[in-house]
Amino acid sequence: MEKPVTTHAPGHPPPFREPTPLHRAVGASALGNAVEWFDYGIYAYGVTYISAALFPGDMEDAVLFALATFAISFLVRPLGGLFWGPLGDRIGRKSVLAMTILLMAGAAFAVGLIPSYDSIGFWAPTLLILLRMLQGFSTGGEYGGAATFMAEYAPDERRGFYGSFLEFGTLAGFSFGAALMLGYSLHLGDQAMHEWGWRIPFLIAGPIGLIGMYVRSKMEDTPIFREEMASAERRKPPGIAIMLRDYWRPLLVVGGLVVALNVVNYSLLSYMPTYLQRRIGLSNEEALLVPIIGMLFMMVFLPFAGALSDRVGRRAMWRWSLVGLLLGVVPLYMLIGTGFAGALIAFMALGLLYVPQLATISATFPAMFPTAVRFAGFAIAYNVSTSIFGGTAPMIGSGLITLTGDPLMPAYYMMLACLVGLAALRFMPETAGRSLREDPFARKATPASSGG
């Protein structure tokens with residue numbers, strides 16, 4: 001019997017294997033998404049410190065101003081999508097992604113250097129707003145580009161599994177930012193955090209962004225994009241008017257799904273610490289701890305949900321999630337109001353209901369558009385919907401509670417968003433296992449024939 005060939009000496013470990021292009025693409029995409037959400041995490045979880053340092057007025061008004069500034073950054077995201085999306089379809093995905101991660105991290109770093117309102121007056125909130133707008137502009141190209149990059153590298157039959165790691169990066173970055181803010185809060189104390197401690201996590205964003213830019217600059221562009229560039233029939237990507245005329249169906253479907261996705265996302269992840277502290281009465285540490293534990297819990301299930309979507313389809317996963325949230329969000333928000341233990345259980349349950357959407361974003365949305373307009377189509381649809389409904393969700397939730405006195409208003413708003421998502425899902429073709437070289441809407445897929 002012939003002995004197997006060994007490539008290393010007996011008794012010694014095998015040599016280090018270079019990561020495959022697919023694994024490098026997964027890592028590069030997830031790292032950039034982690035940087036983006038690291039910033040969201042430290043802002044959302046440090047909003048009480050930021051509002052006290054950089055805004056005038058009493059604490060209630062200052063917090064509302066800080067949440068409004070969070071929303072303002074989303075208003076420029078469509079401009080970022082309009083700029084970065086077509087650019088990514090022309091010059092390539094990796095070049096755009098290297099630039100966006102550097103802008104995001106640089107702006108976050110600069111937030112940590114803004115002098116207090118007591119020192120420079122109205123220039124403090126003005127500088128914060130300008131930097132948040134720069135972050136929003138760069139993020140307008142970051143997420144659509146990272147998801148497109150990931151989807152175009154992944155094999156068709158496992159796109160859901162590999163795509164889920166982009167959202168693993170989302171929660172990892174968000175959790176890391178939140179944990180840093182909580183750790184410094186516990187270590188330094190409330191006074192030091194208000195004076196200078198809140199700035200440290202923002203300063204950490206700078207070197208993380210440099211690492212991400214280096215990793216992305218070493219990547220090759222996706223095989224499908226290089227194939228498109230080499231094609232003899234390669235055409236200049238269409239302008240916005242032609243895109244709206246020819247691709248309005250996927251733009252509307254993705255936009256409708258994103259309403260549900262991001263109202264839930266920003267209500268659950270970004271607004272929850274403020275909600276728990278100011279509306280439920282938990283301590284600052286408890287209000288930070290609940291979402292951190294909940295997000296770590298969600299991370300465990302993301303790869304499994306992504307892999308399951310490769311078997312049962314994206315439509316089924318989204319339907320389960322939307323219907324589950326529609327039925328469960330009000331009683332779970334009522335459980336949140338009972339205290340720390342109830343809030344933790346309810347957050348984990350809400351997170352588990354949300355995971356089927358979150359895990360399948362980068363497998364679902366890029367597949368709605370053909371290669372020549374994939375980056376631009378995804379970026380425009382995603383960012384327009386996110387800017388109107390997603391980034392404003394914390395401010396709307398807080399404002400509705402102030403207006404009505406009902407702490408369940410964020411839950412009602414999430415229910416309304418889920419209804420919009422279910423309406424959009426009715427017209428979404430099934431793309432699980434299908435090649436990204438296809439245009440699913442060109443096949444005139446109908447809900448009845450598209451699976452799920």
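## Close-up views of the predicted model

**View 1. Asp310 and Arg314 are both buried.** Buried denotes under 20% relative accessible area, exposed over 50%, and partly exposed the range in between, with a 1.4 Å probe and protein chains only. The structure is a predicted model, in which local features need pLDDT of at least 70 and side-chain atom pairs count only at pLDDT 80 or more, whereas totals for chains, interfaces and linings use all residues. Residues are numbered from 1 along each chain as its sequence is written, and side-chain values use heavy atoms, without hydrogens or water. A salt bridge connects Asp310 with Arg314, their closest N and O atoms lying 3.0 Å apart. The term requires a side-chain nitrogen of Lys or Arg within 4 Å of a carboxyl oxygen of Asp or Glu. By this rule there are seven salt bridges.

**View 2. Glu152 forms salt bridges with Arg93 and Arg374.** Side chains of opposite charge can pair when their charged atoms come close. Arg93 and Glu152 meet at 2.8 Å, N to O. This pair links distant parts of the chain, with Arg93 in helix α5 (residues 93-111) and Glu152 in helix α7 (residues 123-153), 59 residues apart. Helices (H or I, at least four residues) and strands (E, at least two) are DSSP runs numbered from the N terminus. Between Glu152 and Arg374, the closest N and O atoms are likewise 2.8 Å apart. Here helix α7 is linked to helix α19 (residues 374-390), which holds Arg374, across 222 residues. Both Glu152 and Arg374 are buried. Salt bridges with shared partners join Asp89, Arg93, Glu152 and Arg374 into one network.

**View 3. The largest nonpolar core comprises 120 residues.** Such a core is a set of buried Ala, Val, Leu, Ile, Met, Phe, Trp, Tyr and Cys residues joined through side-chain atoms within 4.5 Å. Among the residues with the most contacts inside this core are Trp198, Tyr333 and Phe365. Helix α13 (residues 248-270) supplies its largest share, 13 residues. Leaving aside residues up to four places away in sequence, Phe365 touches residues including Val254, Leu257, Trp318 and Tyr382; contact means heavy atoms within 4.5 Å. A second, separate core of five residues includes Trp84, Leu87, Phe375 and Ala379.

**View 4. Leu79, Leu82, Ile240 and Leu244 form a nonpolar surface patch.** Together they have about 340 Å² of accessible area, computed by the Shrake-Rupley method with a 1.4 Å probe, only the protein chains shown counting as cover for residues. Patch residues have over 30% relative accessible area and no salt bridge; like charges are joined within 9 Å, and nonpolar side chains (Val, Leu, Ile, Met, Phe, Trp, Tyr) within 5 Å. Helices α4 (77-91) and α12 (240-246) each give two or more residues to the patch. Ile240 counts as partly exposed because its relative accessibility is 34%.
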